[in-house]
Amino acid sequence: MASSRKASAARGLDPNAAGDPVANVDRTVADWLRARSDTGRMPSEPTLLMIAFSGGLDSSVLLDALARQRARGDQWSLHAVHVHHGLQPAADAWPEHCRAFAEVRGVVCETLQVRVGARQRQRDGLEAAARAARYEAIADRARALGARAVLTAHHADDQLETLLMRLARGTGLDGLGGIPDDQPWPQGGEHCRLWRPLLGLSRATLERSAVALKLSFVQDPSNTDQAMTRNAVRQQVMPALDRALPNWRSGFLRARTLLDEANHRLEEQTRADLLQCQLADHQHLNAVALAGLSGPRRRAVWRAWFGELKLRMPSMHRLDAIDRSLALSASGEALHEGWTFRRWRDTVVASPAMSVIESSDPPTEPGDVNVVWRGEPSLRIEAWGGWLVFNLDTGRDLGIGVDPDWLRGQSLRVSAQRSAASLRIAPKARSRTLKGLYQSAAIPPWVRLGLPLVFAGDDLVYAAGLGMNCTISQKMPGGLVLDWHPAEPLV
């Protein structure tokens with residue numbers, strides 16, 4: 001019976017909705033914590049759990065149930081955090097209400113002040129921007145306190161609202177999996193998790209529990225604002241579905257479970273495909289391996305890669321354009337979320353742009369910089385964003401170094417000038433154009449823009465990424481070898 005109850009709760013079916021609501025909530029929370037203990041996600045030694053406490057009905061029911069559960073002797077402590085966004089005058093009284101509510105139950109509640117920036121509001125909308133600011137503040141506090149888990153009071157109706165909104169947006173399988181009930185949350189600390197133990201209970205059950213316990217809770221005026229999508233779904237769409245399809249709630253939640261399972265299978269395939277396509281680091285993909293996959297599998301790899309790079313997902317139209325430019329073409333370039341993605345030979349390379357503002361202007365090379373070397377170990381070249389390093393006595397035996405006394409007497413020019421420039425990469429090598437040498441070294445054209453040349457008068461002495469010019473080394477032999485150290489890695 002217990003296992004059947006757990007399985008039903010995991011699907012959000014609330015099988016005991018007609019019974020004692022307080023007992024139902026208590027049993028759900030107790031079963032949840034016991035399951036976390038059995039799986040090792042909550043150690044047996046004393047540990048800290050943190051609850052996100054808005055002071056509203058849902059989080060009040062959860063905090064009250066957790067306090068009762070702890071009083072029965074469980075070896076963990078509870079800490080509540082209330083986030084004050086400062087978005088409405090009514091909210092100014094909520095921190096004191098939350099503190100008093102928690103104090104009566106032997107729980108410390110602290111208030112975290114956050115500011116929702118105008119840029120975030122404009123980009124994401126007020127609701128999403130406030131949620132992001134709230135979770136960031138809670139994560140920071142959880143990390144500071146070493147919380148094992150952060151608990152929120154999301155319930156089955158929240159799950160349904162989320163599914164409906166994501167369906168309307170045309171989300172993929174990962175989005176239709178809905179709100180996860182237990183997930184790692186590295187934002188809150190290395191071992192922190194995000195728990196939602198009430199996802200198996202309806203809001204009606206929580207309301208009945210709050211009435212039975214005579215709980216006091218705050219009423220957020222913004223919850224009646226139907227200009228907010230979630231409120232409109234809650235107050236208009238879901239009641240209409242209740243009238244037209246009385247069993248739609250349980251059907252949707254069962255479908256969510258099946259979609260979640262399908263998504264897990266797809267994720268396993270996608271992880272294998274990404275591993276097959278990924279090269280030495282996270283910023284390179286094998287374009288040939290990627291092109292060998294079917295269209296749906298390629299798009300899944302793109303999404304997984306963007307996820308690894310912490311980028312938001314592009315629209316389907318944008319993703320198709322990226323796929324055509326980089327996987328199905330011999331060369332191409334695409335911009336997304338402030339990153340540049342380029343196809344060169346058989347590799348797709350991702351590199352963060354200098355600015356998140358996507359520009360169609362081609363990148364430019366820094367201008368010439370004149371320097372005089374007086375024997376320093378290195379010279380900072382600000383315009384090129386790096387250091388020109390002078391290594392003494394490392395090139396004599398190899399026949400690639402120059403006489404340091406000769407170089408001290410030269411006016412050096414750090415330049416991008418490449419027209420007609422050629423270089424001998426080794427003492428016995430023939431002189432070749434820089435373009436040919438860079439191509440042979442598999443250095444992409446956009447990386448070459450950040451690699452300076454060093455001239456003494458009109459003579460090319462050194463080419464970053466290639467090495468010393470042995471034509472000059474043979475004229476002015478010595479042990480000095482130049483090297484270029486960029487401040488940021490060139491990708």
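Q: Starting with E337, what is its relative accessible area?
A: E337 has a relative accessible area of 34%, which makes it partly exposed, where buried means under 20%, exposed means over 50% and partly exposed covers what lies in between, with a 1.4 Å probe and protein chains only. The model is a predicted one, in which local features need a pLDDT of at least 70 and side-chain atom pairs count only at pLDDT 80 or more, while totals for chains, interfaces and linings use all residues. Residues are numbered from 1 along each chain as its sequence is written, and side-chain values use heavy atoms, with hydrogens and water left out.

Q: And where is E337 found, and what is its phi?
A: E337 is in the loop between β8 (332-336) and β9, with helices (H or I, at least four residues) and strands (E, at least two) taken as DSSP runs numbered from the N terminus. Its phi is near 55°, a positive value in a residue other than glycine.

Q: What about R345, what is its phi and in which loop is it?
A: R345 is not a glycine either, and has a positive phi of about 55°. It is found in the loop between β9 and β10 (347-352), where R345 is partly exposed at a relative accessible area of 42%.

Q: Are F306 and F341 buried or exposed?
A: F306 counts as buried at 0% relative accessibility, and F341 counts as buried at 1%.

Q: How are the rings of W373 and F390 arranged?
A: The ring centres of W373 and F390 are 4.7 Å apart with the planes at 10°, so this pair is stacked. W373 lies in the loop between β11 (369-371) and β12 (378-381), and F390 lies in strand β13 (residues 386-391), so the pair ties together parts that are 17 residues apart in sequence. W373 is buried at 1% relative accessibility, and F390 is buried with a relative accessible area of 6%.

Q: Which residues form the aromatic cluster with F306?
A: W302, W305, F306 and F341 form one aromatic cluster.

Q: Which rings have R380 and R413 over them?
A: R380 lies over the face of W387, at 4.5 Å from the ring centre, and the charged end of R413 sits over the ring of F455, 4.6 Å from its centre. The criterion here is that NZ of Lys or CZ of Arg is within 6 Å of the ring centre and within 35 degrees of the ring normal.

Q: Changing topic, how many disulfides are there?
A: The count is zero disulfides, a disulfide being a pair of cysteine sulfur atoms within 2.5 Å. For C98, which is in no disulfide, the nearest cysteine sulfur is that of C109, 5.2 Å away. C98 counts as buried at 0% relative accessibility, and C277 also counts as buried at 0%.

Q: What does helix α3 span, and how many of its residues are buried?
A: At 1.5 Å a residue, the 15 residues of α3 (residues 57-71) should span 21 Å, and the end C-alpha atoms are 21 Å apart, which agrees; the expected span is 1.5 Å times one less than the number of residues. Since 12 of the 15 residues are buried, α3 is largely enclosed by the rest of the structure. Among the buried residues are D58, D64 and Q69. After α3 comes G73, with a positive phi near 110°.

Q: Last one, over which residues is the pLDDT below 50?
A: The protein averages a pLDDT of 88, and 92% of the residues score at least 70, where pLDDT is the predictor's confidence in each residue, from 0 to 100. Over residues 1-12 the pLDDT is below 50, and this stretch has 16 contacts in the model beyond near neighbours in sequence, contact meaning heavy atoms within 4.5 Å. Residues 355-362 also stay under 50, with seven contacts beyond four places in sequence. Where pLDDT is low, the predicted coordinates should not be read in detail.

Key: Rings of Phe, Tyr and Trp (its six-membered ring) pair if their centres lie within 6.5 Å; planes under 30 degrees apart count as stacked, over 60 as edge-to-face and the rest as tilted.
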